[in-house]
Amino acid sequence: MHADFLVIDINELATPTGTGTCRGHAMDAVNVIDDAVIAIVGDRIAWVGERTEWTGTAQAEIDAAGSAVIPALVDPHTHAVWGGDRLEDFEARSRGASYQEILARGGGIRSTVEATEFDDAGWLAELAEERLDLLISSGAGTIEVKSGYGFSHEGEITSLEAIRILAEQSPATVLATLLIHVPPRDPAERDEYVEMVARGLIAETARRKLASAVDVFVEREAFSVAEARIIFSAARDAGLRVKAHVDQFHAIGGLELAIEFNALSVDHLEASGAAQIAALAASDTVGVLLPGVTLHLGIPAAPGRALIDAGAAVAVGTDLNPGSSPLFSTQLAMALAVRLNRLTVCEALTAATANAAAALGLRDTGRLAPGQRADFIISDGPDWRDLVYTLGGAPVERLFLGGKELTF
Ligand code: NIG
Ligand code: FE
């Protein structure tokens, strides 16, 4: 084999094993190869293994200088497109107000909608680009970005157009999701809003290929199961995949509904109980943990340990957003999944790579194996576990995406 380049002097390389979604205890089966090399051809990995077993030739060499290598991280859940800020909410919460009280009195997500809905796509993309750059410098090579602060048909389309600009300009792979996030304040307008989403907004999104999935915030203060069912039916009819924010504060049936629609993922799960854990474990849907929300809002942690023990596939993401998770590091989200959701170090790696890719319907990133995109991290030390251990440092030394090194 003749490679374009060979990554040499890797002290150890760590990667999830198998293919596709990794379930239950298989998440803990990380393959660690000592004294490894990786051969790259074009934007793909051509060969991975022990240095002594490599028999090919290479045009060039990249020296990892005795450091560890893992797959680039995948952030399967962000709300990186927003205007304004939520510093007033933050201060009010520091004085005892709850997230739900603030939302119920017209603040929270609604105040971000006011600061986002009428901005233009170029400006929103500029704001979001800086945020994505921080996620990338923490090791993310693939990032999902949701709309959801646009509210009206025009506002949501503008947010999706901003995500399209990001996808064109960012060195990361950016995937867009249409998020139906808050209902109108006037209950009398809810039916009309759901109708607008199901008929007009989803159709335009699908026709212009502005998103690959539709997400709904199913919660007492947001959309009911009946409303989400109408939206998910429209998404399915339009050929879009389904994702859902469920069980964040109350388990009202959103998880069960999303599974019925063969959702790619159900995200949050802080209030999921035994019935939801069993339902998720029996499905093909990935459960996405968002420990930044537990940290920032002080709500219970999602039952990551119990989900994996029950055989579910679990992923982790930042949920980067101004209200519930101002967490600008995908690496830190992975690290927090060990501390807050009780994953093992190996499970956290699988959750932030192979399973985060599965939560986006992607199969060609998240592992170091032949045929995968050449998306990988060279860490700043010899032991790969440092990348899961570190809180607040910068353990990512170098990042390669599609075989090209990024500078940051
Ligand atoms: O994922 N829960 C709903 N949506 C976001 C929060 C959005 C906001 O507070 O602005 C979340 O936590
Ligand atoms: Fe979210």
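This is a predicted model: local features need pLDDT of at least 70, side-chain atom pairs count only at pLDDT 80 or more; totals for chains, interfaces and linings use all residues.
1. Strands S6 and S7 pair in the parallel sense over five bridges.

2. Residues are numbered from 1 along each chain as its sequence is written, chains are lettered from A and ligands numbered from 1 in the order in which they are written, and side-chain values use heavy atoms, with hydrogens and water left out.

3. S6 and S7 belong to an open sheet of eight strands with parallel pairing, in the order S5-S6-S7-S8-S9-S10-S11-S12. Strand S5 (73-75) and strand S12 (313-316) stand at the edges; each has a single partner strand, so one side of each is left without a neighbour in the sheet. From one strand to the next the twist averages 25°. For angles, axes are lines fitted to C-alpha atoms (for helices over the stretch in contact), and values run from 0 to 180 degrees between N-to-C directions.

4. Two further pairings in this sheet can be described. S5 and S6 are parallel and share three bridges, with Leu-73 opposite Ala-140 in S6. Strand S7 (residues 173-180) and strand S8 (residues 213-217) are also parallel, over four bridges, and here Ile-180 stands opposite Val-216 in S8.

5. Burial of S6 and S8 is worth a point of its own. Buried means under 20% relative accessible area and exposed over 50%, with partly exposed in between (1.4 Å probe, protein chains only). Seven of the seven residues of S6 are buried, so S6 is largely enclosed by the rest of the structure. S8 is mostly covered, with five of its five residues buried. Ala-213, Asp-215 and Phe-217 point one way from S8, and Val-214 and Val-216 point the other way.

6. Strand S1 (residues 2-16) has two pairings to note. With strand S4 (residues 57-71) it pairs in the parallel sense over nine bridges, and Val-7 has Ile-62 in S4 as its bridge partner. S1 is also joined by nine bridges to strand S2 (residues 30-41), and these two run antiparallel. Ile-10 stands opposite Ala-36 in S2.

7. The metal site: His-77 (NE2), His-79 (NE2), His-245 (NE2) and Asp-319 (OD) coordinate the iron ion (ligand 2) at 2.0 to 2.3 Å. Along the chain, these donors follow the spacing H-x1-H-x165-H-x73-D. Donors are N, O and S atoms within 2.8 Å of the metal (3.2 Å for Na, K and Ca); water is not among the atoms, so sites may look incomplete. His-77 and His-79 are both buried.

8. Ligand 1 has 15 residues around it, of which Tyr-99, Tyr-149, His-181, Gln-248 and Ser-324 come nearest; a residue is near a molecule or strand if one of its heavy atoms lies within 4 Å of it. Oxygen atoms of ligand 1 lie 2.6 Å from a polar side-chain atom of Tyr-149, 2.8 Å from one of His-268 and 3.2 Å from a side-chain N or O atom of His-79. Taken alone, ligand 1 exposes 330 Å², and the protein buries 100% of that. These areas come from the Shrake-Rupley method with a 1.4 Å probe; for residues, only the protein chains shown count as cover.

9. Tyr-149 lies in the loop between strand S6 (140-146) and helix H5 (153-169). Its relative accessible area is 2%, so Tyr-149 counts as buried. The C-alpha atoms of Tyr-149 and Thr-116 are separated by 6.0 Å, although the two are 33 residues apart along the chain.

10. Two backbone angles deserve a look. Most residues other than glycine have a negative phi. Ala-65, which is not a glycine, has a positive phi of about 55°; Ala-65 is placed in strand S4 and, at 58% relative accessibility, is exposed. Lys-209 also has a positive phi, near 50°. Lys-209 is found in the loop between helix H6 (190-207) and S8, and is exposed, with a relative accessible area of 66%.

Methods. Two strands pair if DSSP finds at least two bridges between them. A polar contact is a pair of N or O atoms within 3.5 Å; within protein, one must be able to donate a hydrogen and the other to accept it, and residues adjacent in sequence count only if both atoms are side-chain atoms.
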